[in-house]
Amino acid sequence: MLRFGTDGVRGVAFTELTEQYVAELGLVAARELGVTKVLIGRDTRESGKQIETALANGLLAGGVSVELLGVVPTPAIAFLAAKRGCASAAITASHNPYLDNGVKLFANGGVKLSDAQQDAIESHMTGSATVPSASAAQVDLIGEYASHIVGLFPVLAFANIRVVLDCANGAMSEVAPEVFARLGATVIVLNDRPTGKNINDSCGATHPEVVSEAVRLHKADLGLAFDGDGDRVIAVDHIGDVVDGDHLIALAAVDLHKRGKLKSNSVAVTVMTNAGFHQAMEKAGINVITTPVGDRNILVAFDEHGLVLGGEQSGHIIYRDHATTGDGLLAGAMLVDLVRREAQPLATLARNAMTSLPQTLINIRVAQVVNNPADQLAAEIAKATQQLNGVGRVLLRASGTEPVVRVMVEAATQETADAVAQGLAEVASQHFGGVR
């Protein structure tokens, strides 16, 4: 039976993530979370409608009122739940291929579930519950989310900016171009025609080379690439160079710090964040709180330390004053506004924000989920670390969303990072039974 990972439950639609499982998940969640109303939205996968129906059936059987939002970004689902003080769910597998799907649950107010809430739901899943069919009301609320983003900036604030948007054939395909157009930007849109099978397919945040080429072709000021459900964003500058989540968070942290809006004078990031980020924050006089991977862990740090900014290298960026979860559209708009206010190219701003230590990340697909891979290969990790001669670090961890072991190495040079990462990846692949 599927279990909660770093971002909900996820698996191959109809074989791992079955309709029966999702229906029972809805039924148990309705009972354990004690909610009275749930908004459900989905991304553009062809399996989304059936999974949505199954979840709604389970929630309705548990005595919960359900409203269906249709295709909307995950951050919009969380925003609308926060606005209404109710719970919500996103049917999505984020950046995964279209064959996968998943469920992200948000408690009342649009906040991620706690570990205790997830554990309670898992403990009551039997795999045998029977859920009757029912029907839920369809509502159109995406305009509220779009207006919320637009309203954060001056009227036509982006009037002199040309931006390329790669919507990953996902949930941002309609709302992101609309928001930037309403803010006055000249918008070139890529991959905004979902078929149900082309979400994240050689496009979006996991393929920034696509938006890079378009930025150069159209002589744009910058480009933004979203993932399938829109909760993360990767940027490129006018040259076409990638500006990852670390740089985006560094830019935002320094900007908020200068304007006296960085609460607790701190920012939260994960263990995957580049060492160069920590060096830049120390230089700027900003504290860094480091958490395990997953924006849910970032949000825990927010609550514990009273923070308003944090995120991940992958482009999950949370502006807590305006959102309850990672929001690629919000983060992208915030970046464009920063470029506008500073009146400097993104390339210059990103270069001045931080200098990344050379980093190599290798993903090893395995037959089944691996628990605590670093403990199993502690001696090999220590040996790899010695090869760095005191500059850099080695990180080995299991993905929380798919059967993948990740090897990450930072070093003084790219050549060293590549060599050490490749060596450790080969050992890890042999040990954990890597599959091609």
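**Close-up views of the predicted model**

**View 1. Val163 and the pairing of S8 with S10.** Val163 stands opposite Leu222 in S10. The model is predicted. Strand S8 (residues 162–166) pairs with strand S10 (residues 222–226) in the parallel sense, over four bridges.

**View 2. The open sheet around S8 and S10.** Five strands form an open sheet in the order S9-S8-S10-S11-S12, and the pairing is mixed. The edges are held by strand S9 (186–190) and strand S12 (242–243); each has a single partner strand, so one side of each is left without a neighbour in the sheet. Helix H11 (residues 328–342) lies across S10 and strand S11 (233–236) and runs at about 170° to S10.

**View 3. Helix H6 and its buried residues.** In helix H6 (residues 175–182), the buried residues are Val175, Ala176, Pro177, Val179 and Phe180. These buried residues pack against helix H5 (142–150), S8, S9, S10 and H11.

**View 4. Packing of H8 on H9.** Helix H8 (residues 245–258) packs with helix H9 (residues 275–284) at an angle of about 10°, and their axes are 10 Å apart. The angle makes H8 roughly parallel to H9. H8 contributes Asp246, Ile249, Ala250, Ala253, Val254 and His257 to the contact, while H9 contributes Phe277, Met281 and Ala284. Seven of the residues in this contact of H8 with H9 are nonpolar, one is polar and one is charged.

**View 5. The salt bridge of Asp227 and Arg232.** The side chains of Asp227 and Arg232 meet in a salt bridge at 3.8 Å, N to O. Asp227 is buried, with a relative accessible area of 1%. Arg232 is also buried, with a relative accessible area of 9%.

**View 6. The salt bridge of Asp321 and Lys263.** Asp321 and Lys263 meet through their side chains in a salt bridge (3.4 Å, N to O). The pair links distant parts of the chain, 58 residues apart: Asp321 is in the loop between strand S16 (317–319) and H11, and Lys263 is in the loop between H8 and strand S13 (266–270). Asp321 counts as partly exposed at 48% relative accessibility, and Lys263 is partly exposed with a relative accessible area of 44%.

View 7. Salt bridges that share partners join Asp255, Arg259, Asp337, Arg340 and Arg341 into one network. Within this group, the side chains of Arg259 and Asp255 meet at 2.8 Å, N to O. Arg259 counts as partly exposed at 39% relative accessibility, whereas Asp255 is buried, with a relative accessible area of 7%. The count for the model comes to 19 salt bridges.

How values were computed
Residues numbered from 1 in each chain as written. Predicted model: local features only at pLDDT ≥ 70, side-chain atom pairs only at ≥ 80, totals over all residues. Heavy atoms only, no water. Pairing = 2+ DSSP bridges. Helix = DSSP H or I, 4+ residues; strand = E, 2+ residues; numbered from the N terminus. Contact = heavy atoms within 4.5 Å. Axes fitted to C-alpha atoms, helices over the stretch in contact; angles between N-to-C directions. Parallel < 35°, antiparallel > 145°, perpendicular 65-115°, else oblique. Nonpolar A, V, L, I, M, F, W, Y, C, P; charged D, E, K, R; others polar. Buried < 20%, exposed > 50% of the residue type's maximum accessible area, 1.4 Å probe, protein only. Salt bridge = Lys/Arg side-chain N within 4 Å of Asp/Glu carboxyl O.
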